[in-house]
Amino acid sequence: MLKEAQAKLYINGKWQEGSDYYDLKSPYNGNFITEVSLATPEEVEKALMSAEKGKEKIKKLTSLERSKILERASAIFEQRLEECAQILTLENAKPIKSARGEIRRTIETYKFAAEEAKRIHGETIPMDAAASGVGRFAYTRKEPLGIIAAITPFNFPFNLVAHKLGPAIASGNSVVLKPAYQTPLSALLTAEIFEEAGLPPGVLNVVTGRGSMIGDILVRDSRVNMVTFTGSLEVGLGIKAKAGLKKVTLELGSNSGLIVDSTDDLDELVAKSVVGSFAFAGQVCISIQRIYVQQRLYDEFVSKFVERTQELVKGDPRDENTDISAMIHLNEAERIEQWLEEAKNSNAKILCGGKREGSLFEPTIITDSLSNLSINSDEAFAPIVTIQPYQEWEEAVAMINDSSYGLHAGVFTNSMEKAFDAAERIEVGGVMINDIPSFRVDHMPYGGVKNSGIGKEGIKYSVEEMMNLKMIGFNFG
């Protein structure tokens, strides 16, 4: 796919020239990568017409046939792991060792989808449990919705596509995929792999370009039965307002908090927390943004955290030793620079980092920051973390809940009582006990509350979202 001078659209199983193109450049050094098609409304219409035919094709496939396609795709990803990782590093500046990790997760995600394709079933209903149900028999069945519009972000462009495409295929739906503007090549390579795996033409269609145009068409079109979106709160709210009665799954980010109450191994805890804060320059929905540390551990924790952070290697994402590279766009790095100025003006302390070189922003640790500052109240999506001490457990729970977001939280504690109290009272979609909030495996339920979105991902749970439940009743009376 990268052998082509231009990245084409993928519609109805064919690679099609775009009417117009944009230059894709490296976030790290600004070097030209390739020209990418800017899909027009007419080309999006072709993709929707293709998906209309595709939904009938995949609906006719057996569970086993859909499972085998997903298994083959997973195997091809494994064969082409290094190629995928290199493309990922090229288009979104993810350090190569982290890029390989994402592809390994992508392989696993499609395997989970292949397994889940064979587990879709309904149930019998005990109709005679009601007085008027005597002489009746009923059961449920699950049916695909039809066409899924998948709008995906730049930060995990292989694996988050897999979290939408895998369950859609497993459940018998067709897909129109709109990848992020900066990361189209991973989506197009995914289409190439599924073509090789035997997915019927029209089941997957990839349209690249501006989300403001393509996304609006897909969200409003009556032929689209569901929109699944990962991205910003502002765009997510717009999608929900425009989608009408369509099903919508929205994963809208967070500013995940971590409570450090007690531990038997502070060094290991710090090592995990540094990774959870700064991996992929903090551009992870469940990246640690706020840390609350019990006062007796605070000084030692901060000292070790700063020391470990300063060991991170910054630079070229293609270098095997690089831990931190460029943010996705210069505008994002400049935004964080402004947030940092706001923090400085409120007398917050910067313990390390805080400097920007182009799009590369140093891993930054802040203390003494007010809760209403942008770095605490909004989603940073950057290599920046705040650390605050607390005295009482109740104070820690209150501080972690003091957020308009609620995706994941982490709690380190040796107290079972506090662990279960955290599980019950922290207002998020997932509480990780004795782990960082950025822990995720790809078959677990994943989704938040408050401004972090609606609906769940995780293959089994996405399959449920992408199907209709039908009840069938027989009267033998």
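Helix axes here are lines fitted to C-alpha atoms over the stretch in contact, and angles run from 0 to 180 degrees between N-to-C directions. All views show a predicted model.

**Figure 1. Helix 2 packs against helix 6.**
Helix 2 spans residues 63-79 and helix 6 spans residues 184-197. Their axes lie 8 Å apart, at an angle of about 125 degrees. The crossing of helix 2 and helix 6 is right-handed. Helix 2 brings Ile69, Leu70, Arg72, Ala73, Ile76 and Phe77 to the contact. Helix 6 answers with Thr190, Ile193, Phe194, Glu196 and Ala197. By class, this contact of helix 2 with helix 6 has eight nonpolar, one polar and two charged residues.

**Figure 2. Helix 2 also meets helix 4.**
The axes of helix 2 and helix 4 come within 8 Å. They cross at roughly 170 degrees. Helix 2 is therefore roughly antiparallel to helix 4, as angles over 145 degrees count as such. From helix 2, the contact takes Ser63, Arg66, Ser67, Leu70, Glu71, Ser74, Phe77 and Glu78. From helix 4, it takes Ile103, Thr106, Ile107, Tyr110, Lys111, Ala113, Ala114 and Ala117. The residues of the contact of helix 2 with helix 4 divide into eight nonpolar, four polar and four charged.

**Figure 3. Helix 9 crosses helix 10.**
Helix 10 covers residues 295-309, and helix 9 covers residues 266-278. The two axes come within 9 Å and cross at roughly 55 degrees. Helix 9 is therefore oblique to helix 10. The crossing of helix 9 and helix 10 is right-handed. On the helix 9 side, the contact holds Leu266, Asp267, Leu269, Val270, Ala271, Ser273, Val274, Ser277 and Phe278. On the helix 10 side, it holds Glu300, Phe301, Lys304, Phe305, Arg308 and Thr309. Sorted by class, the contact of helix 9 with helix 10 has eight nonpolar, three polar and four charged residues.

**Figure 4. The largest pocket.**
This pocket holds about 1,300 Å³ of space. Its lining counts 48 residues. Nearest the centre of the largest pocket lie Phe154, Ala180, Gly231, Ser232 and Val235. Two or more lining residues come from each of strand 4 (21-25), helix 7 (211-220), strand 11 (226-230), helix 8 (233-242) and helix 11 (330-345). Helix 8 gives the most to this lining, with six residues. By class, the lining of the largest pocket splits into 21 nonpolar, 16 polar and eleven charged residues.

**Figure 5. The second largest pocket.**
The volume of the second largest pocket is about 700 Å³. Its lining has 29 residues. Ser98, Phe156, Val275, Ala279 and Val284 are the closest to its centre. Helix 4 (96-117), helix 5 (159-170) and helix 9 (266-278) each supply at least two lining residues. Helix 4 gives the most, with five residues. The lining of the second largest pocket has 15 nonpolar, seven polar and seven charged residues.

**Figure 6. The largest cavity.**
Three cavities of 30 Å³ or more occur in the structure. The largest cavity has a volume of about 50 Å³. Its lining includes Ser254, Gly282, Val284, Cys285, Ser287 and Ile288. Gln289, Glu379, Ala380, Phe381, Ala382 and Ile384 also line the largest cavity. By class, the lining of the largest cavity has seven nonpolar, four polar and one charged residues. Val284 lines this cavity, and Val284 is also among the residues closest to the centre of the second largest pocket.

Definitions and conventions
Residues are numbered from 1 along each chain as its sequence is written. This is a predicted model: local features need pLDDT of at least 70, side-chain atom pairs count only at pLDDT 80 or more; totals for chains, interfaces and linings use all residues. Side-chain values use heavy atoms; hydrogens and water are left out. On a 1 Å grid over the protein atoms alone, a cavity is a set of points where a 1.4 Å probe fits but cannot get out, and a pocket is an open set with protein on both sides within 12 Å along at least five of seven lines; lining residues have an atom within 4 Å of a point. Grid points are joined across faces, edges and corners, and a volume is the space filled by probe spheres set on the points. Helices (H or I, at least four residues) and strands (E, at least two) are DSSP runs, numbered from the N terminus. Ala, Val, Leu, Ile, Met, Phe, Trp, Tyr, Cys and Pro count as nonpolar, Asp, Glu, Lys and Arg as charged, and the others, Gly among them, as polar. Angles under 35 degrees count as roughly parallel, over 145 as roughly antiparallel, 65 to 115 as roughly perpendicular and the rest as oblique. A crossing is left-handed if the near helix is turned anticlockwise from the far one by less than a right angle, and right-handed if clockwise. Contact means heavy atoms within 4.5 Å.
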